[in-house]
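Please look over the sequence and the structure below. Then read the report with both at hand.

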Amino acid sequence: MAESPSAKRWLPLEANPDVMNQFLWGLGVPPDEAECFDVYGLDEELLGMVPKPVLAVLFLYPITSESEEERRKQDSEIKELSGGAYFMKQTVGNACGTIGLLHAVGNITNEIKLVEGSFLDRFFKSTANMDPSERAAFLENDREMEVAHSVAATAGETEASDNVDAHFICFTCVDGQLYELDGRKAGPISHGACSPSTLLLDAAKVIQQMILKNPESVNFNVIAVSKKTEAFE
């Protein structure tokens, strides 16, 4: 969740679907619209158990020298913001869980109906025409979000500490492309063609490659944000 240019630091959000659901539902995602679920493994059988349709995938991975080298390499290759993905920078320490969820919801506002006038409804309308750095500053100065994040961060099963060496990113499908959205990187990264029906499988392939690059690490979590349907009511 890493250091950032800002002096402000939040407590990290736990990789826990229950915590994330209460966080999102409290901020304006109706419980009957979307829900977070654990992804227990990346093989086809376990991926098949995840409720569909999947709207976004969150990935928590350890920050290592290998992952930092990869980030620097990718940043040097990003010339300009690509595609129409909603993207924001991270300037608050340990805010990556919240930013991952904002990236998830910000790119599916045409798939789910936010509660009108709710925090998230107002947030995305206010930041729609901002650039990624302006969105970061808007979040950093938003007291309501800081309080909501703090409540969620202390609701997990593990004791909250700001000494964390793991980081959340989001994968989502926008305009037929699989995008990796990471507020610590220069912009969205396209991982090729994608469709809403293959999002989970496509994201899993990228995640597997990231895991292989850090063979010494075991601290990985994958969480899917799925649209509620009558099939899993």
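## The annotated pair

H167 is buried, because its relative accessible area is 0% and buried means under 20%. The residue lies in strand β3, which spans residues 166-174. This is a predicted model, so the value is computed from predicted positions.

UniProt places the feature "active site" at H167 and C96, in an unreviewed entry. The two positions are spread over 72 residues of sequence, yet they cluster in space. Their largest C-alpha distance is 6.3 Å. C96 is found in helix α4, residues 96-106. With 1% relative accessibility, C96 falls under the 20% limit, so C96 counts as buried too.

## Cysteines and disulfides

How many disulfides does the structure hold? The count is 0. A disulfide is a covalent bond between the sulfur atoms of two cysteines.

Two further cysteines can be checked for burial. C36 has 3% relative accessibility. That value is under 20%, so C36 counts as buried. C170 has 0% relative accessibility and therefore counts as buried.

## The overall build

The protein chain has 8 helices and 6 strands. In what order do the elements run from the N terminus on? The order is α-β-α-β-α-α-α-α-α-β-β-β-α-β.

The protein chain has 233 residues, and 55% of them count as buried. Its accessible surface comes to about 11,000 Å². Carbon and sulfur atoms account for 50% of that surface. Now take the contacts between residues at least 6 apart in sequence. Of these, 76% join residues at least 24 apart.

## One side of helix α6

Helix α6 covers residues 132-140. Which of its residues are buried? They are P132, R135, A136 and L139. These four cover an arc of only 105 degrees around the axis, so they sit on the same side of α6.

What covers these buried residues? The cover includes α4, α5 (119-127) and α7 (143-153). Helix α4 is also where C96 is found.

## A partly exposed leucine

L46 lies in helix α2, residues 44-47. Is L46 buried or partly exposed? Its relative accessible area is 26%. Buried requires under 20% and exposed requires over 50%, so L46 counts as partly exposed.

Leave out residues up to four places away in sequence. L46 then touches Y40 and G41.

## How confident is the prediction?

The mean pLDDT of the protein chain is 84. A value of 70 or more is reached by 81% of its residues. Where is confidence lowest, and where is it highest? Among the elements named here, helix α3 (residues 65-77) has the lowest, at a mean of 62. Strand β1 (residues 34-39) has the highest, at 97.

Two stretches call for a separate look. Over residues 1-6, pLDDT stays under 50. The model has 28 contacts for this stretch beyond four places in sequence. Over residues 159-163, the pLDDT is below 50 as well. This second stretch has 9 contacts in the model beyond near neighbours in sequence.

Methods:
Residues are numbered from 1 along each chain as its sequence is written. This is a predicted model: local features need pLDDT of at least 70, side-chain atom pairs count only at pLDDT 80 or more; totals for chains, interfaces and linings use all residues. Side-chain values use heavy atoms; hydrogens and water are left out. Helices (H or I, at least four residues) and strands (E, at least two) are DSSP runs, numbered from the N terminus. Buried means under 20% relative accessible area, exposed over 50%, partly exposed in between (1.4 Å probe, protein chains only). Contact means heavy atoms within 4.5 Å. Accessible areas come from the Shrake-Rupley method with a 1.4 Å probe; for residues, only the protein chains shown count as cover. A disulfide is a pair of cysteine sulfur atoms within 2.5 Å. UniProt positions are given in the numbering used here, feature names are shortened, and annotations may be inferred rather than shown by experiment. pLDDT is the predictor's confidence in each residue, from 0 to 100. The arc is that of the directions from the helix axis to the C-beta atoms.
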